[in-house]
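Open the structure in your viewer and keep the selection tool at hand. Each stop below says what to select and what is there.

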Amino acid sequence: MEKWSLMTIAVLLGLTVRWTVSLGSYSGAGKPPMYGDYEAQRHWQEVTYNLPIKQWYFNTSDNNLLYWGLDYPPLTAYHSFLCAYVAKLINPDWIALHTSRGYESQPHKLFMRTTVFVADLLVYIPAVILYCCFLKETSTKKKISSALCILLYPGLILIDHGHFQYNSVSLGFALWGVLYLSYDWDLLGSVSFCLALNYKQMELYHSLPFFCYLLGKCFKKGLKGKGLILFIKIAGTVVASFALCWLPFCTDMEQIMQVLRRLFPIDRGLFEDKVANIWCSLNVLIKIKNIVSPQTQLKLSFGVTFLSLLPTCVKLTLEPSLRGFKFALVSCALSFFLFSFQVHEKSILLVSIPVCLIINEIPFMATWFLLVSTFSLLPLLLKDGLLLAYTVTTLAFLSACVTSFSIFEKTSAEDLQLKSFSLSLKGYVSWFKSFPKIVKRLFLLSVTVMGILTLLSATTSPPQRLPDLFPVSVTIISCLHFVFFWMYFNVVILWDSKSSRSQKKMS
């Protein structure tokens, strides 16, 4: 009973923070003609309710794709339609075709915020609670601490309940997939991930770990017996799930191709805005977009991303384990974020949620990464007037992690899961004796730099000849952190072994 009482308190704290943040500003408030993501979501409700399905993704006189044209998969469109149906019952003006463009009012803001809140309650939060409750070989205290810290992660709260999006839906479905796979419910896990992918195409960041883990399980069972049967069942489940999601668009091949063109707009270029990945950071020194054609940019990013993913995916396929699967979700998503084509700053959430899943295993590094991931969103959050919300939620999250996990006491090579790596260095093992002190100092330096840059970004005007000084600085510093974390997670994955896992269980 005490366990569930404490878990309920953690949920209430998470909900309270979400609702408090939602009372503030949102993306593009009062900024015509395009407004922002809030208006994009409202506009999709307008389009899906008033137009037939066959026109949702096409440019017509009633659907100008240059004005927040629908560019997410069918489940997002169905969700928009569902929200629009409720909106119509409350106030038809909110989704009136053409005349509702840029609609802003307090009642409508309350409605839109509530839709995100309900999505969290129905999809994301139950998945978090069940995942934490059923963590294997974990104490009750750690389970509650994990749930509290995951629910207080500021990045997702600020983007969904501040800036305004529905990332918790796709991330929640993906989390349900992880939960089902944890209990060998492979078909349910496959369905859940298909739902995630059909809600937001960025879930491709997680697709390879799901694929390699399930394929590895099939290999392990034997492809001439039970493994083959499992493979056929999973393949059939995936095909059926996609067919159901895309059924209304399957009447015409041109419909399918148009949706795909909207989902993968190659002509937008390598990156947009200030995103903390390799290409945007390199662009400060080398104007890649100007010297390399779009097609070459696409091939280059594909090649680098593929090579960065390969070791982790091969290891997971050959040695499928639940622990390896969760770490692979982090590593592969981070590879996509750092090296792939057309990355947005909000895509860091696709890395952050898998990191949340392993916060009980490596609390120090997970906390550090989650702080940096939120910091990387700073330029966007400042644009939306969310500085106060950013500061308060970040401090609350850090306090929860320090209190719950005593993170500064979890910096040994063993705590950071680098014991196997340190032993493999042989002659350099002695260097690892001072490793805990080095990591702590790096963490404190990192937090100090992020704090100073946040203060300067919020209070100081940049030089006229360097108007993007602070956003670019945030981008580069965040990118350097992410490269460091990418190397760290890959070391943990590649140096992991059955013997090291058994030693951890014994200890």
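Start by selecting Leu 370, which is buried because its relative accessible area is 0%, under the 20% cut-off. Bear in mind throughout that this is a predicted model. Leu 370 sits in helix 17, residues 363–375. Which residues is Leu 370 in contact with, leaving aside neighbours within four places in sequence? Show Tyr 153, Ser 352, Val 355, Cys 356, Ile 359 and Phe 397: these are the contacts of Leu 370.

Next, select helix 15, residues 322–339. Of its 18 residues, 17 are buried, so the helix is mostly covered. Check its length as well: at 1.5 Å a residue, helix 15 should span 26 Å, and this agrees with its end C-alpha atoms, which are 26 Å apart.

Move on to the largest nonpolar core, which has 154 residues. Which of its members touch the most other members? Select Phe 337, Val 351, Phe 369, Phe 482 and Phe 489 to see them. Then colour helix 4, residues 106–133, which gives the most to this core, with 14 residues. As a general rule, nonpolar side chains in soluble globular proteins tend to be buried together.

Stay with Phe 482 and show what surrounds it. Not counting residues up to four places away in sequence, Phe 482 touches Ala 276, Leu 334, Phe 337, Leu 338, Ile 348, Phe 369, Val 372, Ser 373 and Ser 376.

For the next stop, go to the loop between helix 1 (2–22) and helix 2 (37–50), where Pro 33 is found. Look at the peptide bond that joins Pro 32 and Pro 33: this bond is cis, with omega at about 5 degrees. Tyr 35 lies in the loop between helix 1 and helix 2 too. The phi of Tyr 35 is near 60 degrees, a positive value in a residue other than glycine. Is Tyr 35 buried or partly exposed? Tyr 35 is partly exposed, because its relative accessible area is 23%.

Finish at His 98, in the loop between helix 3 (74–90) and helix 4. His 98 is not a glycine, yet its phi is positive, at about 70 degrees. With a relative accessible area of 41%, His 98 is partly exposed.

Terms used. Residues are numbered from 1 along each chain as its sequence is written. This is a predicted model: local features need pLDDT of at least 70, side-chain atom pairs count only at pLDDT 80 or more; totals for chains, interfaces and linings use all residues. Side-chain values use heavy atoms; hydrogens and water are left out. A nonpolar core is a set of buried Ala, Val, Leu, Ile, Met, Phe, Trp, Tyr and Cys residues joined through side-chain atoms within 4.5 Å. Buried means under 20% relative accessible area, exposed over 50%, partly exposed in between (1.4 Å probe, protein chains only). Helices (H or I, at least four residues) and strands (E, at least two) are DSSP runs, numbered from the N terminus. Contact means heavy atoms within 4.5 Å. The expected span of a helix is 1.5 Å times one less than its number of residues.
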